[in-house]
Amino acid sequence: MRIFSGIQPTGRKHLGNYIGAIAQYVSSQERGEGIFCVVDLHAITLPFDPAELRERSYDTIAILLAAGLDPARSTLFRQSDVPAHTELTWLLSSLTELGRLQRMHQFRDKSLAQRELVSAALLLYPVLQAADVLAYRAHEVPVGEDQREHLELMRDVARRFNSRYGDGEDVLVVPEHRISQVGARIMDLQDPTSKMSTSVGSEQGTVYVLDEPKAIEKKLKSAVTDSGSDVRRDPQKPGVSNLIEILAAVRGVGPEAIESELADARYGELKGAVAAAVVDYLAPVRERYDALRRDERALEAILAAGAERAEIRFGKRHIGRFGIVEQGPDFLLKSWCLRHGSPDGNKRHEESQRGPKAFPHGCPREFAARQPNSPLAPSIN
Ligand code: AQP
């Protein structure tokens, strides 16, 4: 089974990102072939500073490694290093309803919060996300609850592509989302009716993965609760429900187990237990992070190798004016046929694979370098 997910290199990663997404990525390595991507192109849908984005991309990849993603087992790369994502976005945008994009919650919330330019890229964010996943024909996408709507759109786009261009074949895999039963929507500690968030939350209401233990304790111990005293989940008690959910998620148990364990406890004890558990949960990540983050050359090497592997194992290398010059997933071939409006696109592709003869102006060096027996070919496992 192939598993894909992407994470933005925006700001500092918080406990919601960690529980809802990163911890799931790490455990998914036991179930299948993981492909994880630092989605820097998603991050530019809002105003950004290029130098800052580069730094945050390193921060994010270092957190993923510190959390336990293993580049030898999973493919880890930076989205902008693999051009197939943006190429496929354009193709898929031709199959995506404009009205539906405009109604997406994330687009509405983020465009309302924008004071200056609301970019077309912000609108197309879910199409790029669809391209990310569909390019690799991933079967499963681990995400937090806030991404459910985008996943539904992606599934519909894949189905539409298959019914229009698949010739009876499921060229694109219609992926399943994997949203945890526990911890899929961690709430802000100061406003437990809103999700813990990079862009909207308060500093005090957001636990960051790299926070010092003292800061974690302080934030959790000052979490907003309610005037009652029962430690149980209830829509009327969003603060207490959130703390129960966090404790359950970090201990890897159901929230009912926490409710019965703390049935006689007061809110202060609940907060203390959550604080201690979260400090222990994040400590190993913080300890490993610094050394990983310091070595930017090593991070670059991991990202470069991941991009290479993503392109060769799962994607295509290049759609140039000669057509697809390296074998890629069938759907890209079909996309190419679609572009050329000709069912014999396949034939032309095969011809282009036979070598330099297919290139009227000679064989480009880039193509030569990528031939399996070329001395210029990169060595890929
Ligand atoms: N509060 C959350 N609880 C559980 N899961 C969450 N995720 C985000 N917030 C929560 C999941 O984290 C993954 C990465 O999200 P992202 O790439 O969107 O990163 P981000 O922009 O830094 O995260 P935010 O906080 O979601 O940013 P805002 O609120 O500014 O848009 C995703 O799988 C997401 O579901």
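A residue counts as buried if 20 or more other C-beta atoms lie within 10 Å of its own. In this predicted model, 42% of the 381 residues of the protein chain are buried by that count. The chain holds 16 helices and 7 strands. Among its contacts with a separation of 6 or more, 71% join residues 24 or more positions apart.

**Helix 4**
- The buried residues of helix 4 are Ala84, His85, Leu88, Thr89, Leu91 and Leu92.
- Why do they sit on the same side of helix 4? They cover an arc of only 170° around the axis, so they share a side.
- An α-helix has 3.6 residues a turn, so residues three or four places apart point the same way.

**Helix 4 against helix 7**
- Two packed helices are described by an angle and a distance between their axes.
- Helix 4 spans residues 84-93, and helix 7 spans residues 120-134.
- Their angle is about 115°, and their axes lie 8 Å apart.
- The two helices make a right-handed crossing.
- From helix 4, the contact uses His85, Leu88, Thr89, Leu92 and Ser93.
- Helix 7 supplies Leu124, Val127, Leu128, Ala130, Ala131, Asp132 and Leu134.
- Sorted by class, this contact has 8 nonpolar, 3 polar and 1 charged residues.

**Around the ligand**
- The ligand is surrounded by 22 residues.
- Gly16, Gly20, Gly144, Ser197 and Ser199 are the closest.
- Helix 1 (residues 15-28) gives the largest share of this shell, 5 residues.
- The shell has 11 polar, 8 nonpolar and 3 charged residues.

Methods:
Residues numbered from 1 in each chain as written. Predicted model: local features only at pLDDT ≥ 70, side-chain atom pairs only at ≥ 80, totals over all residues. Axes fitted to C-alpha atoms, helices over the stretch in contact; angles between N-to-C directions. Helix = DSSP H or I, 4+ residues; strand = E, 2+ residues; numbered from the N terminus. Left-handed = near helix turned anticlockwise from the far one by under 90°. Contact = placed C-beta atoms within 7 Å. Nonpolar A, V, L, I, M, F, W, Y, C, P; charged D, E, K, R; others polar. Near = placed C-beta within 6 Å. Buried ≥ 20, exposed ≤ 12 C-beta atoms within 10 Å, placed from the backbone. Arc of directions from axis to C-beta.
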